[in-house]
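Welcome to this tour! Open your viewer, get ready to select residues by number, and follow along stop by stop.

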Amino acid sequence: MPAMPAFETWLRPDDHGLYCVPGDFYIDPHAVVARAVITHGHSDHARAGHGAVLATEETLDIMRLRLGEFAGGQLQAIAYGDVLTMGDVTVRVVPAGHILGSAQIVIEYRGRRAVVSGDYKRHPDVTCLPFEPITCDLFITEATFGLPVFCHEPDHGEIGKLLASLAAFPERTHQVGVYSLGKCQRLIALLRQAGYDRPIWLHGALRAMTDYYMSRGIELGHVPAVAAATDMLAGEIVLSPPSAIGDRWSRRLAEPLASFASGWMRIRGRVRQRGVELPLVISDHADWPELLDTIRETGAEEIWVTHGREEALVHAVEAMGLKARALALVGREDEPE
Ligand SMILES: [Zn+2]
Ligand SMILES: [Zn+2]
């Protein structure tokens, strides 16, 4: 039997991103390319201007909403479970549990299987399909929260803190900073799960994605616009982009109590730096135990780490007796999380 080609001969990071040589496409490239396969709609993964884009229907819709005519030259949808042949490889996508439409990319070449996780999490999330572990030879994982300090609490406990604060300070508007794609809709869904049935007020920048989620059948209840409020919303929950916390926009609110829902709220310095009174550790990325468990579960012999805290995870993977490599792809700063 001929020796298996090393993964590096067919999957290669270069100055545009991660390139699949026998398939002739990039995965989540950060520079403009002829053919891109996109894991999900966040801006650090789904960039403008590629020639051809392959992604789930939801990711393509999100790209159209975000990028308009610059979403790509030719947009092709792939459903979860569908298998496509691209050059000498086959490609399929499976749920990543990160945001609506998010996908892991499964690539098979000469009897070997590589899985590119994109961003993912294992915590339950009713706004998207759950992460599906896939057995593979090479697992290419993110590591946004790849340090042992990152161990996300159960979400219902964080939601409980928000509701307790609301009960304790009914004269204040609770302004929660959330990213517009994913976190916003998940926070609303978590509040609804906790039985909160009052209106949840939205900053205008959160409208398009929230309407899109609802158009895909995700129940979020009554989510009126802050601009339509007739008073200062004392005792109400207002969601806004993180950048609106403490800025002029917030002056319309009643003694706004600044909150922020993000995995980064684990870090005290970030809480202080943002002037956050009520940090909520709610993340759409795998925490440290989830990263390690997922790596084990894939059964992969080799692990590549795309972005985040690469060194710590590479070290931990090597300690598990597996081969590990940091890809150090550019263009992935701290995750908008
Ligand atoms: Zn993401
Ligand atoms: Zn990301």
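How many aromatic pairs are there by the ring-centre rule? The count comes to nine, where rings of Phe, Tyr and Trp (its six-membered ring) pair if their centres lie within 6.5 Å.

Before we start: this is a predicted model, in which local features need pLDDT of at least 70 and side-chain atom pairs count only at pLDDT 80 or more, while totals for chains, interfaces and linings use all residues. Residues are numbered from 1 along each chain as its sequence is written, chains are lettered from A and ligands numbered from 1 in the order in which they are written, and side-chain values use heavy atoms, with hydrogens and water left out.

**Stop 1: aromatic rings**

Select Phe-145 and Phe-150. Their ring centres are 4.7 Å apart and their planes meet at 50°, so this pair is tilted (planes under 30 degrees apart count as stacked, over 60 as edge-to-face and the rest as tilted). Phe-145 has 0% relative accessibility and counts as buried, and Phe-150 is buried too, at 2% (buried means under 20% relative accessible area, exposed over 50%, partly exposed in between, with a 1.4 Å probe and protein chains only).

**Stop 2: charges over rings**

Show Trp-264 and you will find Arg-270 over its face, 4.2 Å from the ring centre. Then move to Trp-304, where the charged end of Arg-325 sits over the ring, 5.0 Å from the centre. (Such a charge has NZ of Lys or CZ of Arg within 6 Å of the ring centre and within 35 degrees of the ring normal.)

**Stop 3: the zinc site**

Which residues coordinate the zinc ion (ligand 1)? Select His-40, His-42, His-98 and Asp-119, which do so at 2.2 Å (donors are N, O and S atoms within 2.8 Å of the metal, or 3.2 Å for Na, K and Ca; water is not among the atoms, so sites may look incomplete). Now show the zinc ion (ligand 2): Asp-119 bridges both ions, which lie 3.7 Å apart. Both His-98 and Asp-119 are buried.

**Stop 4: an open sheet**

Finish with the six strands of an open, mixed sheet, in the order β1-β2-β3-β4-β5-β6 (strands are DSSP runs of E, at least two residues, numbered from the N terminus, and two pair if DSSP finds at least two bridges between them). At the edges stand β1 (11–14) and β6 (74–77), each with a single partner strand, so one side of each has no neighbour in the sheet. Inspect β4 (residues 35–37) and β5 (residues 52–55), which run parallel and are joined by three bridges. Lastly, pick Val-37 and look opposite to find Leu-54 in β5.

Technical notes
Helix = DSSP H or I, 4+ residues; strand = E, 2+ residues; numbered from the N terminus.
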